[in-house]
Amino acid sequence: MSENGDDAEKTLRKWATQEVTHQPLCITFPEAKNFELKSGLIHLMPPFQRLENEDPYKFLNEFHVVCSGMKPHAVTGDHIKLREFPLLVQDATKEWLYDLPSGSITSWNKLAKLFLERYFPEAKVSNLRREILSIKQGKR
């Protein structure tokens, strides 16, 4: 009960109608005036779902191509990529993105680097390099 006694218990209706505050996204978007993104092209691209056969490098390359085709005047490609990337990741990848510290992403390069570190880590690169270097020709 509060000191003034007027809101001793919140009713279910009050709990259901209370204001929802959103935790800020990790991405800090660059300032843009009169910026409206027509994202029709982005829906042509399959989302990144972190499946076994998905290649994060190929995903980022395809993402770059699609974003390059939708660049409005006076808006950087990085700005478009930062805005569209959260729309194309799903499931655990979206959770990873939302779990990054608020305001920690300030450029596309930083986001792409973190994404590749997470989904194509250096250990995987080293293992692939080792496998390639250890290939030997078999006997005929």
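User: How many residues does helix α3 have, and how far does α3 reach from its first C-alpha to its last?

Analyst: Keep in mind that this is a predicted model. Helix α3 covers residues 77–88, which makes twelve residues. At 1.5 Å a residue you'd expect a span of 16 Å, and the helix comes close to that. From first C-alpha to last, α3 reaches 16 Å.

User: Which residues of α3 are buried, and which helices do they pack against?

Analyst: Buried here means under 20% relative accessible area. In α3 that holds for His79, Ile80, Lys81, Leu82, Glu84, Phe85, Pro86 and Leu88. Those buried residues pack against α2 (56–68), α4 (91–99) and α5 (108–119).

User: Are α3 and α5 parallel or oblique to each other?

Analyst: Start with the geometry: the axes of α3 and α5 come within 9 Å and cross at roughly 45°. That angle makes α3 oblique to α5.

User: Which residues of α5 does α3 meet, and how many residues of that contact are nonpolar?

Analyst: On the α3 side, look for Asp78, Lys81, Leu82 and Phe85. They meet Trp108, Leu111 and Phe115 in α5. Sorted by class, this contact has two charged residues, no polar ones and five nonpolar.

User: How do α2 and α3 lie relative to each other, and what is the handedness of their crossing?

Analyst: Their axes come within 11 Å and cross at roughly 125°. The two helices are therefore oblique to each other. As for handedness, the crossing of α2 and α3 is right-handed.

User: Which residues bring α2 and α3 together, and how do they divide by class?

Analyst: From α2 you get Phe59, Leu60, Phe63, His64 and Cys67. They meet Ile80, Lys81, Glu84, Phe85 and Leu88 in α3. By class, the residues of this contact divide into two charged, one polar and seven nonpolar.

User: Is Leu88 buried or exposed, and why?

Analyst: Leu88 lies in helix α3. Its relative accessibility is 5%, so Leu88 counts as buried.

User: Which residues of α4 and α5 meet, and how many of them are nonpolar?

Analyst: α4 brings Ala92, Thr93, Trp96 and Leu97. Facing them in α5 are Leu111, Leu114, Phe115, Arg118 and Tyr119. The classes come out as one charged, one polar and seven nonpolar.

User: Is Thr93 buried or exposed, and what is it in contact with?

Analyst: Thr93 lies in helix α4. With 0% relative accessibility, Thr93 counts as buried. Leaving out neighbours within four places in sequence, Thr93 is in contact with Phe48, Arg50, Phe115 and Tyr119.

User: Where does Arg50 lie, and what is its phi?

Analyst: Arg50 lies in the loop between α1 (12–17) and α2. It counts as partly exposed, at 44% relative accessibility. Most residues other than glycine have a negative phi. For Arg50 the value is positive, near 65°.

User: What about Asp91: where is it, is it buried or exposed, and what is its phi?

Analyst: Asp91 sits in helix α4. It is exposed, with a relative accessible area of 54%. Although Asp91 isn't a glycine, its phi is positive, at about 55°.

User: What share of the protein is buried, and what share of contacts joins residues 24 or more positions apart?

Analyst: Of the 140 residues in the protein, 27% are buried. For the contacts, count those with a separation of 6 or more. Residues 24 or more positions apart account for 66% of these.

Methods
Residues numbered from 1 in each chain as written. Predicted model: local features only at pLDDT ≥ 70, side-chain atom pairs only at ≥ 80, totals over all residues. Heavy atoms only, no water. Helix = DSSP H or I, 4+ residues; strand = E, 2+ residues; numbered from the N terminus. Expected span 1.5 Å × (residues − 1). Buried < 20%, exposed > 50% of the residue type's maximum accessible area, 1.4 Å probe, protein only. Contact = heavy atoms within 4.5 Å. Axes fitted to C-alpha atoms, helices over the stretch in contact; angles between N-to-C directions. Parallel < 35°, antiparallel > 145°, perpendicular 65-115°, else oblique. Nonpolar A, V, L, I, M, F, W, Y, C, P; charged D, E, K, R; others polar. Left-handed = near helix turned anticlockwise from the far one by under 90°.
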